[in-house]
Amino acid sequence: MGVIEDVYEDLDTDVAFEEFEAAVHDKVEQMGGLADEETAAMLIAHELEDEEVSGVADIDPGMDEVKFLAKVIGVGDLRTFDRDGDGDGDEDGEDADEGRVINVDVADGTGQVRISFWDRMAQSVADGEVDVGDVLRIKGRPQEGYSGVEVSVDQAEIDEDAEVDVEIRDTYRIEDLSLGLSDVNLRGRVLATDSVRTFDRDDGSEGRVANLTLGDETGRIRVTLWDERADRATELDAGTSVEVVDGYVRERDGDLELHVGSRGAVEEIDESIAYDPETTPISDLELGQTVDLAGGVIETDPKRTFDRDDGSEGQVRNVRLKDETGDIRVALWGEKADLDIDLADYVVVTDVEIQEGWQDDLEASAGWRSTVTVTDPPEDAAGIDAGGGSGGDGGSDGSPGLGAFGDGGSDGGATGADADADVTDDEPADGETVQFTGTVVQAGDPVVLDDGSETRSVETDAELRLGEEVTVSGPIREGRIDADEVY
(Lines give C-alpha, C1' and ligand atoms only; values in the text may rest on other atoms or scores of the structure.)
Protein backbone atom coordinates (compact mmCIF):
# COMPACT_ATOMS: atom_id res chain seq x y z
CA MET A 1 0.00 0.00 0.00
CA GLY A 2 1.38 3.40 -0.96
CA VAL A 3 1.50 6.57 1.13
CA ILE A 4 -1.60 7.99 -0.57
CA GLU A 5 -3.59 4.86 0.28
CA ASP A 6 -2.31 5.00 3.88
CA VAL A 7 -3.56 8.56 4.40
CA TYR A 8 -6.86 7.81 2.64
CA GLU A 9 -7.48 4.75 4.86
CA ASP A 10 -7.37 6.96 7.96
CA LEU A 11 -9.74 9.50 6.45
CA ASP A 12 -13.49 9.44 7.14
CA THR A 13 -14.82 10.93 3.90
CA ASP A 14 -17.30 10.35 1.13
CA VAL A 15 -14.72 11.30 -1.50
CA ALA A 16 -13.77 8.36 -3.74
CA PHE A 17 -10.15 7.20 -3.62
CA GLU A 18 -9.63 8.00 -7.30
CA GLU A 19 -10.77 11.60 -6.70
CA PHE A 20 -8.58 11.87 -3.61
CA GLU A 21 -5.54 10.51 -5.46
CA ALA A 22 -6.03 12.95 -8.35
CA ALA A 23 -6.26 15.84 -5.87
CA VAL A 24 -2.98 14.74 -4.26
CA HIS A 25 -1.16 14.70 -7.64
CA ASP A 26 -2.59 18.15 -8.43
CA LYS A 27 -1.36 19.42 -5.06
CA VAL A 28 2.17 18.09 -5.69
CA GLU A 29 2.24 19.85 -9.05
CA GLN A 30 0.86 23.11 -7.59
CA MET A 31 3.58 23.19 -4.94
CA GLY A 32 6.36 22.79 -7.51
CA GLY A 33 8.16 19.98 -5.75
CA LEU A 34 7.95 21.54 -2.27
CA ALA A 35 5.73 18.71 -1.10
CA ASP A 36 6.02 14.97 -1.66
CA GLU A 37 2.99 12.71 -2.12
CA GLU A 38 2.64 11.97 1.61
CA THR A 39 2.70 15.68 2.54
CA ALA A 40 0.28 16.53 -0.25
CA ALA A 41 -2.03 13.70 0.81
CA MET A 42 -2.09 15.00 4.37
CA LEU A 43 -2.85 18.51 3.16
CA ILE A 44 -5.76 17.27 1.06
CA ALA A 45 -7.02 15.17 3.99
CA HIS A 46 -6.87 18.23 6.24
CA GLU A 47 -8.86 20.29 3.74
CA LEU A 48 -11.50 17.58 3.52
CA GLU A 49 -11.79 17.35 7.30
CA ASP A 50 -12.21 21.14 7.49
CA GLU A 51 -15.24 20.90 5.20
CA GLU A 52 -17.01 18.35 7.36
CA VAL A 53 -19.21 19.69 10.15
CA SER A 54 -20.63 17.64 12.95
CA GLY A 55 -24.02 19.29 12.72
CA VAL A 56 -26.09 21.98 11.06
CA ALA A 57 -25.40 24.37 13.95
CA ASP A 58 -21.69 24.35 13.02
CA ILE A 59 -22.30 25.78 9.53
CA ASP A 60 -20.79 29.24 9.28
CA PRO A 61 -21.27 31.68 6.39
CA GLY A 62 -17.51 32.32 6.43
CA MET A 63 -16.73 28.76 5.34
CA ASP A 64 -15.76 28.22 1.70
CA GLU A 65 -17.46 24.86 1.48
CA VAL A 66 -19.32 22.54 3.81
CA LYS A 67 -20.49 18.92 3.90
CA PHE A 68 -23.19 17.66 6.18
CA LEU A 69 -26.02 15.17 6.62
CA ALA A 70 -29.56 16.40 7.27
CA LYS A 71 -33.24 15.49 6.90
CA VAL A 72 -35.60 17.33 4.57
CA ILE A 73 -38.37 19.03 6.56
CA GLY A 74 -39.80 21.27 3.87
CA VAL A 75 -39.67 21.79 0.08
CA GLY A 76 -40.49 25.17 -1.42
CA ASP A 77 -41.83 26.13 -4.82
CA LEU A 78 -39.74 26.32 -8.01
CA ARG A 79 -39.03 29.91 -9.02
CA THR A 80 -37.56 31.21 -12.25
CA PHE A 81 -35.62 34.38 -13.00
CA ASP A 82 -33.92 36.06 -15.96
CA ARG A 83 -30.17 35.95 -16.39
CA ASP A 84 -28.05 38.31 -18.43
CA GLY A 85 -27.18 36.39 -21.62
CA ASP A 86 -27.47 36.15 -25.39
CA GLY A 87 -30.73 34.22 -25.39
CA ASP A 88 -29.20 31.09 -26.95
CA GLY A 89 -30.13 27.71 -25.58
CA ASP A 90 -27.61 25.53 -23.76
CA GLU A 91 -26.27 22.23 -25.02
CA ASP A 92 -29.53 20.52 -24.05
CA GLY A 93 -31.56 23.05 -25.97
CA GLU A 94 -32.85 24.74 -22.81
CA ASP A 95 -33.08 28.50 -22.40
CA ALA A 96 -29.76 29.48 -20.78
CA ASP A 97 -31.16 32.93 -19.92
CA GLU A 98 -33.77 31.49 -17.56
CA GLY A 99 -32.53 30.53 -14.12
CA ARG A 100 -34.36 28.25 -11.70
CA VAL A 101 -34.08 27.91 -7.96
CA ILE A 102 -35.89 25.99 -5.26
CA ASN A 103 -35.35 26.27 -1.51
CA VAL A 104 -35.42 23.24 0.77
CA ASP A 105 -35.34 23.31 4.58
CA VAL A 106 -33.24 20.61 6.20
CA ALA A 107 -32.43 19.88 9.83
CA ASP A 108 -30.58 17.59 12.19
CA GLY A 109 -30.46 17.33 15.97
CA THR A 110 -28.48 20.58 16.25
CA GLY A 111 -30.49 22.94 14.11
CA GLN A 112 -32.13 23.82 10.82
CA VAL A 113 -30.83 25.48 7.67
CA ARG A 114 -32.16 26.46 4.26
CA ILE A 115 -30.41 25.01 1.20
CA SER A 116 -30.87 26.21 -2.37
CA PHE A 117 -30.85 24.03 -5.50
CA TRP A 118 -30.23 25.75 -8.82
CA ASP A 119 -31.24 25.09 -12.44
CA ARG A 120 -31.23 21.36 -13.31
CA MET A 121 -30.99 20.28 -9.69
CA ALA A 122 -33.85 22.64 -8.83
CA GLN A 123 -35.99 21.14 -11.60
CA SER A 124 -35.21 17.63 -10.33
CA VAL A 125 -36.35 18.58 -6.82
CA ALA A 126 -39.50 20.17 -8.24
CA ASP A 127 -40.15 16.96 -10.21
CA GLY A 128 -40.32 15.03 -6.96
CA GLU A 129 -36.87 13.48 -6.68
CA VAL A 130 -36.57 14.90 -3.12
CA ASP A 131 -39.36 14.61 -0.57
CA VAL A 132 -39.93 15.61 3.04
CA GLY A 133 -38.35 12.95 5.24
CA ASP A 134 -35.47 12.12 2.88
CA VAL A 135 -31.98 12.22 4.40
CA LEU A 136 -29.51 14.07 2.19
CA ARG A 137 -25.71 14.14 2.02
CA ILE A 138 -25.05 17.74 1.03
CA LYS A 139 -22.02 19.58 -0.27
CA GLY A 140 -22.35 23.29 -0.80
CA ARG A 141 -21.27 26.87 -0.10
CA PRO A 142 -22.60 28.63 3.03
CA GLN A 143 -23.61 32.29 2.82
CA GLU A 144 -25.70 34.88 4.62
CA GLY A 145 -29.28 34.85 3.36
CA TYR A 146 -32.42 36.82 4.11
CA SER A 147 -33.39 34.29 6.78
CA GLY A 148 -29.99 33.57 8.30
CA VAL A 149 -27.38 31.12 7.06
CA GLU A 150 -28.17 29.40 3.77
CA VAL A 151 -26.25 26.85 1.73
CA SER A 152 -26.04 26.93 -2.06
CA VAL A 153 -25.94 23.26 -3.07
CA ASP A 154 -23.19 21.94 -5.36
CA GLN A 155 -23.91 18.26 -4.78
CA ALA A 156 -26.62 16.37 -2.93
CA GLU A 157 -27.69 12.76 -2.81
CA ILE A 158 -30.22 10.78 -0.82
CA ASP A 159 -28.69 8.41 1.75
CA GLU A 160 -31.31 5.72 2.28
CA ASP A 161 -29.26 4.02 5.01
CA ALA A 162 -28.66 7.10 7.17
CA GLU A 163 -30.99 8.15 9.97
CA VAL A 164 -31.41 11.68 11.33
CA ASP A 165 -33.59 12.12 14.40
CA VAL A 166 -35.45 15.40 13.91
CA GLU A 167 -38.66 16.50 15.58
CA ILE A 168 -40.56 18.85 13.26
CA ARG A 169 -42.51 21.50 15.20
CA ASP A 170 -45.26 23.89 14.21
CA THR A 171 -44.59 26.16 17.20
CA TYR A 172 -41.43 26.41 19.25
CA ARG A 173 -40.81 27.21 22.90
CA ILE A 174 -37.85 29.38 23.81
CA GLU A 175 -35.86 26.46 25.20
CA ASP A 176 -36.34 24.59 21.88
CA LEU A 177 -34.53 27.21 19.79
CA SER A 178 -31.11 26.47 18.34
CA LEU A 179 -28.70 28.32 16.09
CA GLY A 180 -29.65 28.17 12.41
CA LEU A 181 -33.37 27.55 12.84
CA SER A 182 -35.59 29.38 10.38
CA ASP A 183 -39.35 29.60 9.82
CA VAL A 184 -39.74 29.73 13.58
CA ASN A 185 -43.18 30.39 15.08
CA LEU A 186 -43.01 31.20 18.80
CA ARG A 187 -45.52 32.53 21.34
CA GLY A 188 -44.36 34.65 24.25
CA ARG A 189 -45.13 37.51 26.60
CA VAL A 190 -43.55 40.89 25.89
CA LEU A 191 -41.22 41.69 28.79
CA ALA A 192 -39.54 44.83 27.47
CA THR A 193 -39.26 46.94 24.33
CA ASP A 194 -36.70 49.37 22.90
CA SER A 195 -36.96 52.32 20.56
CA VAL A 196 -36.21 52.15 16.84
CA ARG A 197 -32.60 52.82 15.79
CA THR A 198 -31.32 53.64 12.31
CA PHE A 199 -28.06 52.82 10.54
CA ASP A 200 -26.47 53.29 7.13
CA ARG A 201 -26.09 50.26 4.89
CA ASP A 202 -23.17 49.78 2.50
CA ASP A 203 -25.41 50.62 -0.45
CA GLY A 204 -26.28 54.01 1.08
CA SER A 205 -29.80 53.08 2.15
CA GLU A 206 -31.01 53.53 5.70
CA GLY A 207 -31.69 50.47 7.82
CA ARG A 208 -33.94 50.35 10.89
CA VAL A 209 -33.77 47.97 13.83
CA ALA A 210 -35.45 47.60 17.21
CA ASN A 211 -35.56 44.99 19.94
CA LEU A 212 -38.06 43.49 22.31
CA THR A 213 -37.70 40.71 24.84
CA LEU A 214 -40.11 37.79 25.06
CA GLY A 215 -40.59 35.28 27.84
CA ASP A 216 -42.47 32.00 28.13
CA GLU A 217 -42.59 29.20 30.67
CA THR A 218 -39.20 27.92 29.46
CA GLY A 219 -37.12 31.12 29.40
CA ARG A 220 -36.74 34.43 27.62
CA ILE A 221 -35.12 35.63 24.40
CA ARG A 222 -34.21 38.92 22.75
CA VAL A 223 -36.05 39.52 19.48
CA THR A 224 -34.52 41.74 16.77
CA LEU A 225 -36.94 43.41 14.38
CA TRP A 226 -35.59 44.72 11.06
CA ASP A 227 -36.72 47.58 8.83
CA GLU A 228 -40.50 47.67 8.34
CA ARG A 229 -40.97 45.28 11.27
CA ALA A 230 -39.02 47.54 13.68
CA ASP A 231 -42.05 49.70 14.53
CA ARG A 232 -43.71 46.74 16.27
CA ALA A 233 -41.38 47.36 19.22
CA THR A 234 -43.02 50.74 19.75
CA GLU A 235 -46.57 49.41 19.30
CA LEU A 236 -46.48 46.66 21.91
CA ASP A 237 -46.70 47.07 25.68
CA ALA A 238 -45.01 44.93 28.31
CA GLY A 239 -47.32 42.08 29.28
CA THR A 240 -48.85 41.68 25.80
CA SER A 241 -48.99 38.14 24.44
CA VAL A 242 -47.66 37.82 20.89
CA GLU A 243 -46.72 35.22 18.31
CA VAL A 244 -43.58 35.60 16.22
CA VAL A 245 -44.14 34.18 12.74
CA ASP A 246 -41.34 33.08 10.39
CA GLY A 247 -38.47 34.17 12.62
CA TYR A 248 -34.93 32.88 12.36
CA VAL A 249 -32.29 32.28 15.00
CA ARG A 250 -28.94 34.07 15.13
CA GLU A 251 -26.25 34.39 17.78
CA ARG A 252 -24.96 37.57 19.43
CA ASP A 253 -22.29 37.69 22.12
CA GLY A 254 -22.83 34.00 22.80
CA ASP A 255 -26.62 34.26 23.22
CA LEU A 256 -29.32 33.19 20.79
CA GLU A 257 -31.57 35.87 19.32
CA LEU A 258 -34.75 35.50 17.30
CA HIS A 259 -34.76 37.77 14.24
CA VAL A 260 -37.79 38.97 12.28
CA GLY A 261 -37.33 40.29 8.76
CA SER A 262 -39.58 41.17 5.84
CA ARG A 263 -41.07 37.66 5.67
CA GLY A 264 -41.84 37.53 9.36
CA ALA A 265 -44.34 39.20 11.68
CA VAL A 266 -45.13 39.78 15.34
CA GLU A 267 -48.86 39.39 15.96
CA GLU A 268 -50.85 39.98 19.14
CA ILE A 269 -52.72 36.91 20.39
CA ASP A 270 -55.46 36.41 22.98
CA GLU A 271 -53.65 33.94 25.18
CA SER A 272 -52.18 34.11 28.67
CA ILE A 273 -48.53 33.06 28.64
CA ALA A 274 -46.72 32.23 31.85
CA TYR A 275 -43.28 33.66 32.56
CA ASP A 276 -41.67 32.98 35.92
CA PRO A 277 -37.98 33.94 36.00
CA GLU A 278 -35.67 32.36 38.53
CA THR A 279 -34.43 35.34 40.49
CA THR A 280 -31.50 35.46 42.91
CA PRO A 281 -32.15 36.53 46.53
CA ILE A 282 -30.47 39.88 47.15
CA SER A 283 -28.60 38.50 50.18
CA ASP A 284 -26.93 35.90 47.92
CA LEU A 285 -25.49 38.40 45.43
CA GLU A 286 -21.74 38.40 44.83
CA LEU A 287 -19.45 40.80 43.00
CA GLY A 288 -19.08 39.95 39.30
CA GLN A 289 -22.30 37.96 38.95
CA THR A 290 -24.86 38.49 36.18
CA VAL A 291 -28.26 37.60 37.60
CA ASP A 292 -32.00 38.26 37.58
CA LEU A 293 -33.47 40.26 40.47
CA ALA A 294 -36.99 40.95 41.66
CA GLY A 295 -38.30 43.13 44.42
CA GLY A 296 -40.36 46.07 45.51
CA VAL A 297 -39.20 49.61 44.84
CA ILE A 298 -38.45 51.34 48.14
CA GLU A 299 -36.45 54.28 46.79
CA THR A 300 -36.26 56.18 43.53
CA ASP A 301 -33.85 58.89 42.45
CA PRO A 302 -34.31 61.50 39.73
CA LYS A 303 -32.84 60.78 36.32
CA ARG A 304 -29.43 62.33 35.78
CA THR A 305 -27.50 63.03 32.60
CA PHE A 306 -23.78 63.15 31.85
CA ASP A 307 -21.45 63.66 28.89
CA ARG A 308 -19.76 60.62 27.36
CA ASP A 309 -16.24 60.63 25.90
CA ASP A 310 -17.69 60.76 22.37
CA GLY A 311 -19.67 63.92 23.16
CA SER A 312 -23.03 62.20 23.37
CA GLU A 313 -25.23 62.52 26.39
CA GLY A 314 -25.81 59.57 28.69
CA GLN A 315 -28.42 59.14 31.39
CA VAL A 316 -28.92 57.00 34.46
CA ARG A 317 -31.53 56.61 37.16
CA ASN A 318 -31.10 54.73 40.41
CA VAL A 319 -33.81 52.78 42.17
CA ARG A 320 -33.54 50.56 45.24
CA LEU A 321 -35.18 47.14 45.25
CA LYS A 322 -36.01 45.10 48.33
CA ASP A 323 -36.91 41.45 48.66
CA GLU A 324 -37.36 39.31 51.76
CA THR A 325 -33.57 38.98 52.14
CA GLY A 326 -32.28 42.53 51.68
CA ASP A 327 -32.13 45.51 49.38
CA ILE A 328 -29.82 46.82 46.65
CA ARG A 329 -29.45 49.91 44.49
CA VAL A 330 -30.06 49.25 40.79
CA ALA A 331 -28.63 51.65 38.19
CA LEU A 332 -30.88 51.91 35.12
CA TRP A 333 -28.81 53.12 32.17
CA GLY A 334 -29.84 54.64 28.86
CA GLU A 335 -33.49 54.33 27.85
CA LYS A 336 -34.20 52.31 30.98
CA ALA A 337 -33.83 55.55 32.96
CA ASP A 338 -37.05 56.74 31.26
CA LEU A 339 -39.14 53.77 32.40
CA ASP A 340 -42.22 54.58 34.45
CA ILE A 341 -41.20 53.11 37.81
CA ASP A 342 -42.70 54.39 41.05
CA LEU A 343 -42.37 53.65 44.73
CA ALA A 344 -44.13 50.38 45.70
CA ASP A 345 -43.96 48.95 42.17
CA TYR A 346 -42.83 45.35 41.96
CA VAL A 347 -40.02 45.08 39.39
CA VAL A 348 -38.21 42.18 37.71
CA VAL A 349 -34.78 43.09 36.32
CA THR A 350 -32.93 40.52 34.23
CA ASP A 351 -29.27 40.17 33.28
CA VAL A 352 -27.98 42.77 35.72
CA GLU A 353 -24.28 42.90 36.53
CA ILE A 354 -23.34 43.04 40.20
CA GLN A 355 -20.66 45.65 40.72
CA GLU A 356 -18.95 47.42 43.56
CA GLY A 357 -21.01 50.45 44.43
CA TRP A 358 -20.89 53.43 46.70
CA GLN A 359 -19.44 52.95 50.22
CA ASP A 360 -18.43 49.37 49.40
CA ASP A 361 -22.03 48.29 48.89
CA LEU A 362 -22.88 46.04 46.00
CA GLU A 363 -24.80 47.67 43.17
CA ALA A 364 -26.72 46.18 40.26
CA SER A 365 -26.16 47.67 36.81
CA ALA A 366 -28.93 47.25 34.21
CA GLY A 367 -27.42 47.87 30.77
CA TRP A 368 -28.41 47.20 27.15
CA ARG A 369 -28.80 43.46 27.67
CA SER A 370 -31.09 43.84 30.70
CA THR A 371 -34.87 43.94 30.76
CA VAL A 372 -36.88 45.83 33.35
CA THR A 373 -40.50 44.79 33.86
CA VAL A 374 -43.05 46.23 36.27
CA THR A 375 -45.39 43.40 37.15
CA ASP A 376 -47.67 42.05 39.85
CA PRO A 377 -45.81 40.78 42.90
CA PRO A 378 -46.00 37.09 43.75
CA GLU A 379 -48.15 36.19 46.73
CA ASP A 380 -45.09 35.37 48.83
CA ALA A 381 -43.31 38.68 48.14
CA ALA A 382 -41.96 40.45 51.20
CA GLY A 383 -44.77 42.09 53.17
CA ILE A 384 -47.60 40.69 51.03
CA ASP A 385 -50.33 39.07 53.10
CA ALA A 386 -53.19 36.90 51.96
CA GLY A 387 -55.37 39.93 51.51
CA GLY A 388 -53.06 41.42 48.97
CA GLY A 389 -51.89 44.21 51.26
CA SER A 390 -49.30 44.72 53.89
CA GLY A 391 -51.04 46.87 56.36
CA GLY A 392 -48.93 49.74 55.14
CA ASP A 393 -49.73 52.52 52.72
CA GLY A 394 -51.79 50.86 50.05
CA GLY A 395 -51.65 52.27 46.56
CA SER A 396 -54.72 53.86 45.07
CA ASP A 397 -54.53 51.54 42.07
CA GLY A 398 -54.71 48.46 44.22
CA SER A 399 -50.96 47.98 44.38
CA PRO A 400 -49.63 46.77 47.71
CA GLY A 401 -48.13 50.15 48.60
CA LEU A 402 -44.69 51.16 49.78
CA GLY A 403 -45.02 49.41 53.12
CA ALA A 404 -45.43 46.09 51.33
CA PHE A 405 -41.70 45.86 50.71
CA GLY A 406 -40.28 46.18 54.16
CA ASP A 407 -39.54 48.71 56.78
CA GLY A 408 -39.83 51.71 54.54
CA GLY A 409 -36.17 52.24 53.93
CA SER A 410 -32.70 50.82 53.41
CA ASP A 411 -29.71 51.10 55.63
CA GLY A 412 -27.84 53.20 53.14
CA GLY A 413 -29.50 56.58 53.64
CA ALA A 414 -32.70 58.47 52.94
CA THR A 415 -35.46 56.27 51.62
CA GLY A 416 -38.97 56.23 50.36
CA ALA A 417 -40.77 59.54 50.17
CA ASP A 418 -38.04 61.14 52.26
CA ALA A 419 -35.58 60.44 49.47
CA ASP A 420 -37.47 62.78 47.18
CA ALA A 421 -37.49 65.44 49.87
CA ASP A 422 -33.70 65.35 49.95
CA VAL A 423 -33.41 66.24 46.31
CA THR A 424 -32.69 69.90 45.83
CA ASP A 425 -32.43 72.07 42.83
CA ASP A 426 -29.90 74.39 44.51
CA GLU A 427 -26.86 74.70 42.26
CA PRO A 428 -23.58 76.38 43.24
CA ALA A 429 -22.80 79.59 41.42
CA ASP A 430 -20.35 79.58 38.54
CA GLY A 431 -16.83 79.99 39.95
CA GLU A 432 -17.81 78.84 43.44
CA THR A 433 -15.41 76.29 44.93
CA VAL A 434 -17.15 73.03 45.77
CA GLN A 435 -16.18 69.66 47.15
CA PHE A 436 -17.80 66.50 45.81
CA THR A 437 -17.35 62.84 46.76
CA GLY A 438 -18.54 60.08 44.47
CA THR A 439 -17.81 56.90 42.55
CA VAL A 440 -16.17 57.08 39.13
CA VAL A 441 -18.82 55.97 36.64
CA GLN A 442 -16.86 57.28 33.65
CA ALA A 443 -13.09 57.55 33.42
CA GLY A 444 -11.47 59.79 30.80
CA ASP A 445 -12.34 63.31 29.77
CA PRO A 446 -14.43 64.35 31.54
CA VAL A 447 -14.49 62.10 34.57
CA VAL A 448 -18.03 61.53 35.83
CA LEU A 449 -18.65 60.96 39.54
CA ASP A 450 -21.85 59.65 41.07
CA ASP A 451 -22.65 59.92 44.77
CA GLY A 452 -25.90 58.04 44.70
CA SER A 453 -28.08 61.11 44.40
CA GLU A 454 -26.39 63.18 41.69
CA THR A 455 -23.59 63.03 39.12
CA ARG A 456 -20.87 65.58 38.45
CA SER A 457 -18.55 66.01 35.48
CA VAL A 458 -14.98 66.73 36.57
CA GLU A 459 -12.00 68.18 34.71
CA THR A 460 -8.85 66.54 36.05
CA ASP A 461 -5.54 65.11 34.87
CA ALA A 462 -5.64 62.48 37.62
CA GLU A 463 -5.81 58.87 36.40
CA LEU A 464 -8.93 57.42 37.94
CA ARG A 465 -10.42 53.94 37.65
CA LEU A 466 -14.04 53.01 37.13
CA GLY A 467 -15.62 52.20 40.47
CA GLU A 468 -13.03 54.17 42.45
CA GLU A 469 -14.46 56.47 45.12
CA VAL A 470 -12.77 59.89 45.24
CA THR A 471 -13.29 63.39 46.57
CA VAL A 472 -12.60 66.34 44.32
CA SER A 473 -12.36 70.02 45.15
CA GLY A 474 -12.28 73.03 42.88
CA PRO A 475 -14.29 75.79 41.21
CA ILE A 476 -17.36 74.85 39.25
CA ARG A 477 -17.65 76.23 35.73
CA GLU A 478 -20.72 75.68 33.55
CA GLY A 479 -21.77 72.78 35.75
CA ARG A 480 -18.37 71.05 35.62
CA ILE A 481 -15.89 70.91 38.51
CA ASP A 482 -12.37 72.02 37.54
CA ALA A 483 -10.60 69.91 40.15
CA ASP A 484 -7.66 71.46 41.99
CA GLU A 485 -7.47 68.52 44.33
CA VAL A 486 -8.35 64.85 43.95
CA TYR A 487 -8.00 62.54 46.94
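Predicted model: local features only at pLDDT ≥ 70, side-chain atom pairs only at ≥ 80, totals over all residues.
Side chains of opposite charge can pair when their charged atoms come close. Asp105 has a relative accessible area of 10% and is therefore buried, since the cut-off for that class is under 20%. Arg114, at 12% relative accessibility, falls under the cut-off of 20% as well and so counts as buried.

## Salt bridges between distant parts of the chain

Arg220 forms a salt bridge with Asp351, and the closest N and O atoms of this pair are 3.3 Å apart. The pair links distant parts of the chain, for Arg220 lies in strand 10 (residues 219-226) and Asp351 in strand 18 (residues 346-356), 131 residues apart. Arg220 counts as partly exposed at 25% relative accessibility, and Asp351 is partly exposed with a relative accessible area of 23%.

Another salt bridge joins the side chains of Lys303 and Asp338, at 2.8 Å from N to O. Here too the pair links distant parts of the chain, 35 residues apart: Lys303 is in the loop between strand 14 (290-300) and strand 15 (304-307), whereas Asp338 is in the loop between strand 17 (326-333) and strand 18. Lys303 counts as partly exposed at 41% relative accessibility, and Asp338 counts as partly exposed at 48%.

## A salt-bridge network and the total

Arg173, Glu175 and Asp176 are linked with one another in a network of salt bridges. The count of salt bridges comes to 23.

## The surroundings of Asn185

Asn185 is found in strand 7, which covers residues 184-193. A polar atom of the Asn185 side chain lies 3.0 Å from the backbone nitrogen of Asp246. When neighbours within four places in sequence are left aside, Asn185 is in contact with Asp170, Thr171 and Tyr172, and also with Glu243, Val244, Val245 and Asp246.

## The chain as a whole

The chain has six helices and 26 strands, and 44% of its 487 residues count as buried. Among the contacts in the chain with a separation of 6 or more, 57% are accounted for by residues 24 or more positions apart. The chain exposes about 25,500 Å², and carbon and sulfur atoms supply 40% of that area.

How values were computed. Residues numbered from 1 in each chain as written. Heavy atoms only, no water. Helix = DSSP H or I, 4+ residues; strand = E, 2+ residues; numbered from the N terminus. Polar contact = N/O pair within 3.5 Å; in protein donor to acceptor, adjacent residues only side chain to side chain. Contact = heavy atoms within 4.5 Å. Buried < 20%, exposed > 50% of the residue type's maximum accessible area, 1.4 Å probe, protein only. Areas by Shrake-Rupley, 256 points an atom, 1.4 Å probe, with all protein chains shown as cover. Salt bridge = Lys/Arg side-chain N within 4 Å of Asp/Glu carboxyl O.
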